[in-house]
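The sequence and structure come first.

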Amino acid sequence: MTTSDFGSILLSAIDEGLSSLGQSSKQAIFFHLETSFHIKVEAIPANLTGFRNALEGIFGPGALYLEKAIAKRFHEKLGLEFQDSEYVDFLR
């Protein structure tokens, strides 16, 4: 798998994970990421730490729900089984 493929799959998982909040909310989050945290959507794969910190800044403890949703989608796209746990760190 190339870095480009990895990034595309990850962005797709992020898009689907954030879509669980609704399309308008997803678009608002992407807007807030860019304007408040200076993270463009296409740059998220190269800046996962910044993305996670931004989610935590926006949602506080609720960011964990989104991280799990994104991690689950990402695992599904890779054909892997998702092991849910109390804390999911999609940086590992």
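Is Leu78 buried, partly exposed or exposed? The model is predicted. In it, Leu78 has a relative accessibility of 30%, so this residue counts as partly exposed; buried would mean under 20%, and exposed over 50%. Leu78 lies in helix 4, which spans residues 63-78.

**Surface patch**

Leu78 belongs to a nonpolar patch on the surface, together with Met1, Phe6 and Leu80. The accessible area of these residues together is about 390 Å².

**Aromatic pair**

Phe6 of this patch also takes part in an aromatic pair, and the structure holds 1 such pair. The partner is Phe74, and the geometry is edge-to-face, with 5.4 Å centre to centre and 85° between the planes. The pair connects distant parts of the chain, since Phe6 is in helix 1 and Phe74 in helix 4, 68 residues apart.

| Residue | Relative accessible area | Class |
|---|---|---|
| Phe6 | 34% | partly exposed |
| Phe74 | 14% | buried |
| Leu78 | 30% | partly exposed |

In soluble globular proteins, nonpolar side chains tend to be buried together. Here the largest nonpolar core has 17 residues, of which Ile14, Leu18, Leu33, Ile44, Phe51 and Leu55 touch the most other members. At least two residues of this core come from each of helix 1 (3-19), helix 2 (23-37), helix 3 (48-59) and helix 4.

Leaving aside residues up to four places away in sequence, Leu55 touches Leu18, Gly60, Ala63, Leu66, Glu67 and Ile70.

Technical notes:
Residues are numbered from 1 along each chain as its sequence is written. This is a predicted model: local features need pLDDT of at least 70, side-chain atom pairs count only at pLDDT 80 or more; totals for chains, interfaces and linings use all residues. Side-chain values use heavy atoms; hydrogens and water are left out. Patches are made of residues with over 30% relative accessible area and no salt bridge: like charges are joined within 9 Å, nonpolar side chains (Val, Leu, Ile, Met, Phe, Trp, Tyr) within 5 Å. Accessible areas come from the Shrake-Rupley method with a 1.4 Å probe; for residues, only the protein chains shown count as cover. A salt bridge is a side-chain nitrogen of Lys or Arg within 4 Å of a carboxyl oxygen of Asp or Glu. Helices (H or I, at least four residues) and strands (E, at least two) are DSSP runs, numbered from the N terminus. Buried means under 20% relative accessible area, exposed over 50%, partly exposed in between (1.4 Å probe, protein chains only). A nonpolar core is a set of buried Ala, Val, Leu, Ile, Met, Phe, Trp, Tyr and Cys residues joined through side-chain atoms within 4.5 Å. Contact means heavy atoms within 4.5 Å. Rings of Phe, Tyr and Trp (its six-membered ring) pair if their centres lie within 6.5 Å; planes under 30 degrees apart count as stacked, over 60 as edge-to-face and the rest as tilted.
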